[in-house]
Amino acid sequence: MTSSLLRPRGRTRTVSVGVVPEGSTAPTRILDWRDPRVTALVRELGAAGPAEPADPADPADPVRQIEALHRAHAWIATAVRPVYSVQDERPVSEVLRRGRGSCSQRLAVLEAVARAYGVPTRVRGLLVDGTFWYPRFPRLRRIVPDQVLLAWPEFRLGSPAGAGAAGASWLTVSQLLGGMRPGAGEQDGAQGGGFTNAGSETLFEALSRTAIDWDAAPAACPGADPGATARAGSACDLSAYVLSDLGHHDSRDELFARHGQTLCGLARLVAEPVLGRRGAA
């Protein structure tokens, strides 16, 4: 049994109808990639610095972009300790300063690095059934929120900063890191048997080894029984947990400003001192 008492009040969470955002490389309050901590990380990873904008006449190399973001993901997975922080709007620079973060916060770090590298990003808002997190909180199910707001990142590769989307391809974070890469072979999506949200591995770590699919995309889960459901079948097909698709937004800042965070302000204030330090792995 999940709880709706901790949800932000006065918000109607419905899909945004209109033009699909083109994404951006601009810094935001959350994706504050001009902060010295983030620019230092970018230099450490060997990515092009924020002071080196891409030349529109020389299209960015998507292979080089993917390699840089793979390095970033591996660094974050090792250097930013996974915890259950509930402050989704925490700036990336602060996450790096603390050296710990939730899956959402660690994904934000990856987005900030991408923007610093000149790769436009955007997010898709998903309302995910709170029961998906039951394996993480077996004794606290009554206070698990009934809806979890997930900002799922997308990256536009092969497009210089400031250029239009024509000819460029958008990849979800799962596609970017290999599990659902277009044209990937069966082994790419099947390593480790998908993700069940149980055990020591978090969603952020799992992205590099398996597909994470919120749409039941055909062939997204290689080797799975076509008739299996998300709960009873392949662990990489998580579409049955999606309660609502809130559409795309230029940034996670915009998503949270429109739909709020998963928990109301009072719940975050009470829970963060404890969950913000509790190891998720």
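Which helices and which strand each supply at least two residues of the lining of the largest pocket? In this predicted model, they are helix H4 (103–116), strand E4 (147–157) and helix H9 (265–275).

The volume of the largest pocket is about 720 Å³. Its lining comprises 30 residues, and those closest to the pocket centre are Tyr84, Ser85, Val86, Trp133 and Phe137. By class, the lining divides into 22 nonpolar, 6 polar and 2 charged residues.

Leu255 lies in helix H8, which covers residues 252–259. Leu255 counts as buried because its relative accessibility is 0%, under the 20% limit. Beyond its neighbours within four places in sequence, Leu255 is in contact with Val123, Gly125, Leu149, Leu150, Ala151, His249 and Gly260. One of these contacts, Val123, is 132 residues away in sequence, yet the C-alpha atoms of Leu255 and Val123 are 7.8 Å apart.

Thr121 is placed in strand E3 (residues 121–129). Thr121 is also buried, with a relative accessible area of 0%. The side chains of Thr121 and Arg115 make a polar contact at 2.8 Å. Outside the four places in sequence on either side, the contacts of Thr121 include Gly23, Ser24, Leu31, Glu111, Glu154, Phe155, Trp170 and Asp250. Ala114 and Arg115 are also among them.

The accessibility values and elements of the two residues are listed below.

| Residue | Element | Relative accessibility |
|---|---|---|
| Leu255 | helix H8 (residues 252–259) | 0% |
| Thr121 | strand E3 (residues 121–129) | 0% |

Definitions and conventions: Residues numbered from 1 in each chain as written. Predicted model: local features only at pLDDT ≥ 70, side-chain atom pairs only at ≥ 80, totals over all residues. Heavy atoms only, no water. 1 Å grid on protein atoms, 1.4 Å probe; cavity = no way out; pocket = protein on both sides within 12 Å on 5 of 7 lines; lining within 4 Å. Points joined across faces, edges and corners; volume = space filled by probe spheres on them. Helix = DSSP H or I, 4+ residues; strand = E, 2+ residues; numbered from the N terminus. Nonpolar A, V, L, I, M, F, W, Y, C, P; charged D, E, K, R; others polar. Buried < 20%, exposed > 50% of the residue type's maximum accessible area, 1.4 Å probe, protein only. Contact = heavy atoms within 4.5 Å. Polar contact = N/O pair within 3.5 Å; in protein donor to acceptor, adjacent residues only side chain to side chain.
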